[in-house]
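This briefing is a short tour of one protein structure. Please look at the sequence and the model first, then read the points below with both at hand.

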Amino acid sequence: MIRATQDNEYVELTSPTQLPKASGFLWNEKMMIHVNCRGYAVAQFMQPEPAKYSYAPNLEAKTFMQPEQPYYAHHPGRFLYVKDEETGEIFSAPYEPVRVLPDQYTFAVGKHHIVWKLEHLGFAVEMTLSLPKDEAMELWRVKVKNLSDRKRKLSIYPYFTVGYMSWMNQSAEYHEELQGMVCSAITPYQKYQDYAKIKQLKDKTFLLADQPPRAWEASQEAFEGEGGIGMPSAVQQEELSKGDARYEMPLCVLQYSLELTPGEDKLYRFIFGPAKTEEEIAQIRQQYFLNAASGSEDGFAAAEREYAGYIQEGKGCIEIKTPDPELDNFVNHWLPRQMYYHGQTNRLTTDPQTRNYLQDNMGMSYIKPQMARNAFLTALSQQNASGAMPDGIILHEAAELKYINQVPHMDHCVWLPICLSTYLDETNDYTILEEEVAFAGGEEMATVYEHINRAMFWLMEATDERGLNYIDQGDWCDPMNMVGYKGKGVSGWLTMASAYAFMIWADICATSGRPEMSRKLAAAADEANVVINQYLWDGNWYARGITDDNVVFGISKDTEGRIFINPQGWALLCGAADASKQEKLMRAVKEQLETPYGLEKLAPSYTAMREDVGRVTQKHPGTAENGAVYNHAAAFYIYALYAVGEPNDAYRLLRKMIPGPDPEDLIRRGQLPVFIPNYYRGAYRQFPRTAGRSSHLFNTGTVPWVYRCLIDGLFGVQGNEEGIRIHPQLPAHWEEASVKRSFRGAELHVAMKREAGVTAVEVYVNGSRIEDGIIKNVEAGRVYDVLVKLPPQ
């Protein structure tokens, strides 16, 4: 049902019905498209804010992706109707909307393109989607082949959803000189002042073809007729009507009629996307279909090749071989790809949340460290002189803080040293601390070191009389918006995260020759840990916080939201939990939060509004922050387990993030193992029927933390100021593993093996033992052969 190809370049699904929401995604600097195995698609592009060119049949949210995307008959899609002209039989590729089960079927998700292959009625159909590197448009190849031993006549109908564009104005028609469909609309506006903005928008949707069609249709209603989308009346006719759409819901559908001899195939290419003018569309046609000299590569093929190179730039810094081949495939091919997407596109927003922006670029430290460096400087340039970080980072001159970024959250400062530490581990570029950066408003300059100092002191001061950090209308948990809106509520997690941030910054200060500041930060961490244990320890685990009305929550007496995962993991990280508390809280996590699909964020899930906690309690039990297996939070906890030397539990929980390999698990989750989703459904003990379902949302801060778990924890190949420390934490059932690690221009081949008689980790480099396990003064261009001997289990 699901398999990786021999070269590991694709993950294939062989049924359109067993995992009906199985999907893949492609992106570039200006757009993203998420397509599923049945042909449904969600796409958006930037201009500069997120916008659509393929719409739902009514008004829809354009601005951000939704979890657990519902699909319906008229959901936007990319389909191909196929009609046997001799028998009149009709089917569609990839599967929707006719829903005729093909004789053979493959949905193949690749890194730089996605392919559907199917066979039915003696025809083979292959559809391939790719993107250009820099433009918002889809590149499609459609190949049809005659598999039978006789000549065949057929018609094919490439169908691209346009949908309900605008209630102000929408139309569509075929342009012969463009050899394509052009659909036009006007973005609605009310204030005349907004006209200056909307007149610059790309309100046209086009479909260009490399070959002239026999016929076309531009009206959704005329195309469907009485047969509906599943069996359109127009397809049942000999020829499409060549109609237009005049303030009617438009679509782009073309008809090609062809005769194929036995074994013969025919290839068609299409470009689908947004444009501002017909002149722009004409230029696209010229560039992609007409510019090439005879026999040379045209713009279409060149764009596909360039895009493949662009995606290849996101290669990770480790390549692993372990007893778990499915883990190897995911880590070597898909995890860095997802991490690259986040850092390269900023999740297709012009005002990413500060915590997201910093963590996503923490991940870029492993792929493109210069990009991470620039991002840290960009973020700090928007810091208030008081030390406070904004709720979002503005990335475009026309952007403004929107939605959740208009709600005050108190956690953004903690991510500065935490995320910067990964950059420093990878690069040893402590010169960044001396970079001069202006504060917001540009009136005052300071070094990066001073910027982060102010952030840390801001956190120290943003506390109540007990020393616990205020939460205002949220911390890392966005919808925990009513704990502290009156100005008194505090966050247990944020107090721990602040202590951890102080520890990290203390280490960086010590390394960079600032011992006095290091001692001051370490003392602040110690003080925070004292109050954490004084006010938040509940006997077996830590509380989540204390409300405006001084009610401690996330404790044993709560019937819902009794235990939260974040305080437990971060209590391990910040050192608040001693050995006894560690044992108790880890037992509580295992008993109350662990499920077959990973760690729930909280349990039991809330089933009704709790007004002193907030809208997180209004979400459906087991979804998102209300008790889902929220992978970002789970990754924090796993990282903490590695930090305190619990490799077996850490690996077990890490492995649950990746669907499969068991078919039963794959079907339950409904997702291919090509990305880690924002969450899997939780509320496992309350609503077991739906537990484990994937949200299919690939926007998540999980991925850089999982990569950190691999680098710093599982394989123990973490950089430091001296070089690279080799200290793996393999699970007990692994006898050996190997890692190829790119690091500061060098390449390390690290073999790890358990050997009888070994009592502690032993590290050998090119045959010589390294007593402290640190390979110092790593030289760019050199290859290091590293042997790690591990004690037997």
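The second largest pocket holds about 740 Å³ of space. The model is a predicted one, in which local features need pLDDT of at least 70, side-chain atom pairs count only at pLDDT 80 or more, and totals for chains, interfaces and linings use all residues. Residues are numbered from 1 along each chain as its sequence is written, and side-chain values use heavy atoms, with hydrogens and water left out.

**The second largest pocket**

- On a 1 Å grid over the protein atoms alone, a pocket is an open set of points with protein on both sides within 12 Å along at least five of seven lines, and lining residues have an atom within 4 Å of a point.
- Grid points are joined across faces, edges and corners, and the volume is the space filled by probe spheres set on the points.
- The lining of the second largest pocket has 24 residues, and Asp425, Asp507, Tyr639, Asp712 and Gln718 lie nearest the centre.
- Two or more lining residues come from each of α9, α11 (492-511), α15, α18 (702-714) and β33 (717-719); helices (H or I, at least four residues) and strands (E, at least two) are DSSP runs, numbered from the N terminus.
- Helix α11 gives the most to this lining, with 6 residues.
- By type, the lining residues are 10 nonpolar, 8 polar and 6 charged. Here Ala, Val, Leu, Ile, Met, Phe, Trp, Tyr, Cys and Pro count as nonpolar, Asp, Glu, Lys and Arg as charged, and the others, Gly among them, as polar.

**Helix α15**

- Helix α15 covers residues 631-643, and its 13 residues should span 18 Å at 1.5 Å a residue; the expected span is 1.5 Å times one less than the number of residues. The end C-alpha atoms are 18 Å apart, which agrees.
- Because 12 of the 13 residues of α15 are buried, the helix is largely enclosed by the rest of the structure. Buried means under 20% relative accessible area, exposed over 50%, and partly exposed in between (1.4 Å probe, protein chains only).
- Among the buried residues of α15 are Asn631, Phe636 and Tyr639.
- After α15 comes glycine 645, which has a positive phi, near 75°.

**Salt bridges**

- The whole structure has 51 salt bridges, each a side-chain nitrogen of Lys or Arg within 4 Å of a carboxyl oxygen of Asp or Glu.
- Aspartate 411 and arginine 355 form one, with the closest N and O atoms 2.7 Å apart. This pair links distant parts of the chain, 56 residues apart: aspartate 411 is in the loop between α8 (369-380) and α9 (415-427), and arginine 355 is in helix α7 (residues 354-364).
- Aspartate 411 counts as buried at 0% relative accessibility, and arginine 355 counts as buried at 2%.
- Lysine 486 and aspartate 549 also meet in a salt bridge (3.7 Å, N to O), so parts that are 63 residues apart in sequence are tied together. Both lysine 486 and aspartate 549 are exposed.
- Lysine 619 pairs with glutamate 625, with the closest N and O atoms 2.7 Å apart. Lysine 619 is partly exposed at 24% relative accessibility, while glutamate 625 is buried at 8%.
- A network of salt bridges links Lys590, Glu594, Asp649, Arg652 and Lys656.

Note on methods: 1 Å grid on protein atoms, 1.4 Å probe; cavity = no way out; pocket = protein on both sides within 12 Å on 5 of 7 lines; lining within 4 Å.
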